[in-house]
Amino acid sequence: MEDIGKSLTEQMQRHNWSKRYNELVETALNDPDVKRFLAENKHLLTKDDVMKSISKLYEYVTIKQKMAQGEQTFAPGYLPTLAVSKHRIEVVYVPSEQLLAKRAKQELDARVKMIALPKSMRQAQLVDYDRSEERNEAFRAALQFTNDYAKEPKKFHKGLYLEGSFGVGKTYLLAAIANDLAKRGYKTTLVHFPSFAVDIKGSIGQNKTTEYLERLKKAPILMLDDIGADSLSSWIRDDVLGVILQYRMQEELPTFFSSNLSFEQLENEYLAINNRGEAEPLKALRIMERIKFLADEYHIVGKNRRNP
Ligand code: ADP
Ligand code: MG
């Protein structure tokens with residue numbers, strides 16, 4: 001009696017198992033993508049080959065189903081595809097278009113380093129730039145720079161010194177140039193200079209000063225935003241700004257500026273008087289020579305866009 005019972009259960013298990021197996025085979029082979037794949041590769045695969053790879057086809061179909069239902073797979077962002085390799089079928093996982101787009105966006109973002117700038121500046125685009133008459137010259141120079149630089153990135157190209165009152169869009173234009181250069185594969189560091197000055201002062205004694213300085217000195221393209229917006233110590237002028245500009249001049253590295261002061265005001269007022277009120281015209285002249293070597297001055301007028 002016992003023996004009969006045992007073999008019956010075995011039979012039932014076998015039956016159950018083969019039922020499940022048949023279901024699995026059916027699920028795999030009925031999938032339209034699998035059907036198309038097998039049709040395309042029928043010269044490479046015998047029926048026997050297909051049956052030996054049936055678990056791969058099943059894996060392919062179940063992953064697809066999971067994705068269709070919005071479930072997380074073991075490799076998020078990757079799509080399963082089928083391939084033939086030595087009479088076997090393999091599931092190959094390829095990055096989805098969304099994943100590739102996300103990666104490309106991350107690479108693009110990483111090319112523009114913004115320090116202490118409003119996040120919205122990441123969106124600044126040259127195509128969106130308002131080209132009213134007065135701004136035209138600066139805008140044309142910006143386009144000229146990006147084209148020239150992309151053509152011959154090893155050559156020295158003079159940057160722009162954008163001068164104009166508060167809110168006319170100086171920072172916006174710098175950011176738009178940086179974002180355009182990023183699309184072409186070039187790296188820019190755009191820094192709000194007064195904030196940087198505070199940071200670097202704070203770094204003294206933490207052994208970080210050199211590192212901070214090096215980052216700006218050696219940036220492939222550097223933009224110093226809002227020069228002249230704060231009171232300037234002799235140390236920041238000579239040992240920070242002066243050192244950065246000296247290096248960039250020697251190495252002929254593109255450098256941009258924005259300021260609410262003209263070249264003349266910068267030389268005769270801002271740079272010439274230190275924060276103790278002492279006049280230092282020669283020091284100012286030395287800095288100005290470097291700025292003038294690195295950039296051409298453009299005057300931007302227009303309405304204040306911050307409080308329209
Ligand atoms: P500035 O640096 O001259 O003080 P901003 O570049 O900060 O001025 O511009 C002031 C505001 O106007 C910002 O909010 C900026 O995003 C916006 N803005 C400036 N130019 C444009 C533009 N061409 N298109 C859209 N918004 C702009
Ligand atoms: Mg600004």
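Visitor: Is the crossing of H6 and H7 left-handed or right-handed?
Guide: The crossing of H6 and H7 is right-handed. Keep in mind that this is a predicted model.

Visitor: Okay, and at what angle do H6 and H7 pack?
Guide: About 20 degrees, and their axes are 10 Å apart. That angle is under 35 degrees, so H6 counts as roughly parallel to H7.

Visitor: Which residues in H6 and H7 meet?
Guide: On the H6 side you have Ala138, Phe139, Ala142, Phe145, Thr146 and Tyr149. In H7, they meet Leu173, Ile177, Asp180 and Leu181.

Visitor: Let's switch to the sheet. In what order do the strands come?
Guide: The order is S3-S5-S6-S7-S4-S8, six strands in an open sheet with parallel pairing. Strand S3 (112-115) and strand S8 (295-300) are the edge strands, each pairing on one side only. From one strand to the next, the twist averages 15 degrees.

Visitor: How many bridges are there between S4 and S7?
Guide: Three, linking strand S4 (residues 159-164) and strand S7 (residues 255-259) in the parallel sense. Leucine 162, for instance, has serine 258 in S7 as its bridge partner.

Visitor: And which strands does H6 touch?
Guide: Helix H6 (residues 136-151) packs on the sheet and touches S4, strand S6 (221-227), S7 and S8. The direction of H6 makes about 160 degrees with that of S4. Helix H12 (residues 281-294) packs on the sheet too, touching S4, S7 and S8. The direction of H12 makes about 85 degrees with that of S8.

Visitor: Is threonine 188 buried or exposed?
Guide: Buried, because its relative accessibility is 1% and the cut-off for buried is under 20%.

Visitor: What is threonine 188 in contact with, leaving aside its neighbours in sequence?
Guide: Once you skip the neighbours within four places, its contacts are Arg111, Val112, Lys113, Ala178, Leu181, Ile221 and Met223. Leu181 also came up among the H7 residues that meet H6.

Visitor: One more. Which helix is glutamine 246 in?
Guide: Glutamine 246 is in helix H10, residues 234-251. At 26% relative accessibility, glutamine 246 counts as partly exposed.

Visitor: What does the side chain of glutamine 246 make a polar contact with?
Guide: The side chain of arginine 290, at 3.0 Å. There's also arginine 286, 40 residues away from glutamine 246 in sequence and 9.6 Å away in space, C-alpha to C-alpha.

Key. Residues numbered from 1 in each chain as written. Chains lettered and ligands numbered in written order. Predicted model: local features only at pLDDT ≥ 70, side-chain atom pairs only at ≥ 80, totals over all residues. Heavy atoms only, no water. Buried < 20%, exposed > 50% of the residue type's maximum accessible area, 1.4 Å probe, protein only. Contact = heavy atoms within 4.5 Å. Pairing = 2+ DSSP bridges. Helix = DSSP H or I, 4+ residues; strand = E, 2+ residues; numbered from the N terminus. Axes fitted to C-alpha atoms, helices over the stretch in contact; angles between N-to-C directions. Polar contact = N/O pair within 3.5 Å; in protein donor to acceptor, adjacent residues only side chain to side chain. Parallel < 35°, antiparallel > 145°, perpendicular 65-115°, else oblique. Left-handed = near helix turned anticlockwise from the far one by under 90°.
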